[in-house]
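Work through the exercises below with the sequence and the coordinates at hand. Each task is followed by a solution in steps.

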Amino acid sequence: MARAYNFSAGPAILPTEVLQEAQRDLLDYKGTGMSIMEMSHRGKEYTAVHEEAITNLKTLLKVPDNYSILFMTGGATSQFSFVPMNLLGAGQTADYINAGSWGTGAVKAAKKLGKINVIADTSKEIPTRMPENSELKFTADAAYVHITSNETIAGTQVKEFPKTKAPLVADMSSDILSRPIDVSQFGLIYAGAQKNLAPAGVTLVIIRNDLAERAPETLPELFQYRAFIEENSLKNTPPTFPIYIIMLVTRWLMARGGLEGMQKINDAKAAKLYAAIDASSFYKGTAVKEHRSPMNVTFRLPTEELEEAFIKAASKLGMTSLKGHRSVGGVRASIYNAFPMEGIDALVAFMKEFEAKNS
Ligand SMILES: *Cc1c(COP(=O)(O)O)cnc(C)c1O
């Protein structure tokens with residue numbers, strides 16, 4: 001078996017141990033003679049999976065009691081609309097911090113549904129960066145403040161979340177569970193699963209319960225956070241297999257020292273790769289140093305031709321999906337929780353070799 005060093009931004013690499021366990025369970029889950037995918041979402045086997053996934057997430061993230069963990073569908077992109085539909089009352093304004101393509105997407109979707117104030121916009125800046133908290137000019141009585149914790153395409157990450165009076169809503173799709181966070185600082189957190197949690201198909205939402213009460217009565221039930229809270233995400237059939245993988249991934253994280261442990265590993269991986277970029281004048285990081293993402297490492301080579309050759313040659317060596325997002329070009333190494341240190345070592349060695357041959 002040869003596993004690729006898979007640098008994909010998403011759907012992304014999953015821990016090999018998790019895939020092996022899922023494989024062992026696939027034909028016969030705990031003596032039931034069927035996989036978890038094939039059984040009732042109301043039966044005792046699946047119920048245990050659902051509950052453990054929630055409990056593990058609560059434990060890892062130290063989620064306070066007045067918050068709920070929800071399993072929704074439609075990806076982070078549908079949350080761009082769910083959030084204003086549920087939290088932005090008529091006549092109210094929501095503040096948005098836009099630091100890249102995903103922030104731009106969130107703004108665009110929200111604009112259709114209510115009044116939006118973009119209180120900082122670094123989405124077009126090169127080098128890429130996050131706005132400083134001191135730049136933020138909040139609207140008095142904003143319904144909420146929306147932020148993207150990690151801009152997956154730009155390769156930037158919020159290091160210290162702003163203190164806001166209004167509930168802070170964060171899109172954490174590309175760095176959820178990669179570091180400890182203080183959940184009580186947020187009103188709502190959401191994340192598509194396919195980067196750090198599970199395969200695509202489930203969206204994790206962590207919501208402070210009182211915020212769910214804001215939804216207008218006219219909103220269809222399955223669009224209301226309230227309905228998901230009341231029915232423990234079981235009003236309709238949840239994406240059972242991705243939730244089962246969340247259970248396995250959270251167990252895997254707990255065995256690695258939880259989020260503190262994972263952050264140490266992630267920082268060590270990122271430091272090694274950024275050090276290789278900084279040690280050369282051939283490679284240039286795309287993000288300002290203080291805001292560099294430990295999840296998505298973006299850099300450029302002297303020419304687009306060299307970038308293309310680099311990506312192609314790396315791929316031949318089993319280092320796949322290093323191409324930057326189609327909207328920005330360049331090289332992007334996505335090194336989420338499950339990405340192994342050996343893959344970083346392989347990439348750094350290849351970078352040195354490629355530079356020696358081509359500079
Ligand atoms: C990938 C990503 C999204 C989009 O997620 P989908 O699940 O495809 O809708 C949104 N926000 C961020 C920060 C992302 O990285």
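The model is predicted: local features need pLDDT of at least 70, side-chain atom pairs count only at pLDDT 80 or more, and totals for chains, interfaces and linings use all residues. Residues are numbered from 1 along each chain as its sequence is written, and side-chain values use heavy atoms, with hydrogens and water left out.

**Exercise 1. The whole chain**

Task: describe the secondary structure, the dimensions and the burial of the chain.

Solution. Start with the secondary structure, where helices (H or I, at least four residues) and strands (E, at least two) are DSSP runs numbered from the N terminus. The chain has nine helices and 14 strands. Its radius of gyration, 21 Å, is close to the 21 Å that the globule rule gives for 359 residues, so the chain is as compact as a globular protein of that length. Here the radius is taken over C-alpha atoms, and the rule is 2.2 Å times the number of residues to the power 0.38.

Next, take the box along the principal axes: the C-alpha atoms fill roughly 65 × 55 × 30 Å.

Then turn to burial. A residue is buried under 20% relative accessible area, exposed over 50% and partly exposed in between (1.4 Å probe, protein chains only). By this criterion 55% of the 359 residues are buried.

Last, count contacts (heavy atoms within 4.5 Å). Of those in the chain with a separation of 6 or more, 65% are between residues 24 or more positions apart.

**Exercise 2. Helix H8**

Solution. The expected span of a helix is 1.5 Å times one less than its number of residues.

Now list the buried residues of H8: Leu306, Glu307, Phe310, Ile311 and Ala314. They cover an arc of only 135 degrees around the axis, which puts them on the same side of H8. The arc is that of the directions from the helix axis to the C-beta atoms. An α-helix has 3.6 residues a turn, so residues three or four places apart point the same way.

The face turned away from the buried side carries the exposed residues Glu305, Glu308, Lys312 and Lys316. The cover of the buried residues includes strand S12 (296–300), strand S13 (319–320), strand S14 (331–334) and helix H9 (341–358). Just after H8, Gly318 takes a positive phi of about 90 degrees.

**Exercise 3. Helix H6**

Task: how many residues of H6 are buried, and what do they pack against?

Solution. First check the length: the 15 residues of H6 (residues 240–254) should span 21 Å, and the end C-alpha atoms are 21 Å apart, which agrees. Twelve of the 15 residues are buried, so H6 is largely enclosed by the rest of the structure. Among them are Ile243, Tyr244, Met247 and Trp252. The buried residues of H6 pack against H1, H2, S2 and helix H7 (258–278).

**Exercise 4. Backbone features in loops**

Solution. Take the cis bonds first.

- Gly10 to Pro11 is cis, with omega near -10 degrees; Pro11 is in the loop between strand S1 (5–6) and helix H1 (16–25).
- Ile126 to Pro127 is cis, with omega about -5 degrees; Pro127 lies in the loop between strand S4 (115–121) and strand S5 (145–148).

Then take the positive phi values.

- Lys62 has a phi of about 50 degrees, in the loop between helix H2 (44–61) and strand S2 (67–72). Lys62 is exposed, with a relative accessible area of 58%.
- Leu177 has a phi of about 65 degrees, in the loop between strand S8 (168–171) and strand S9 (188–192). Leu177 is buried, with a relative accessible area of 1%.
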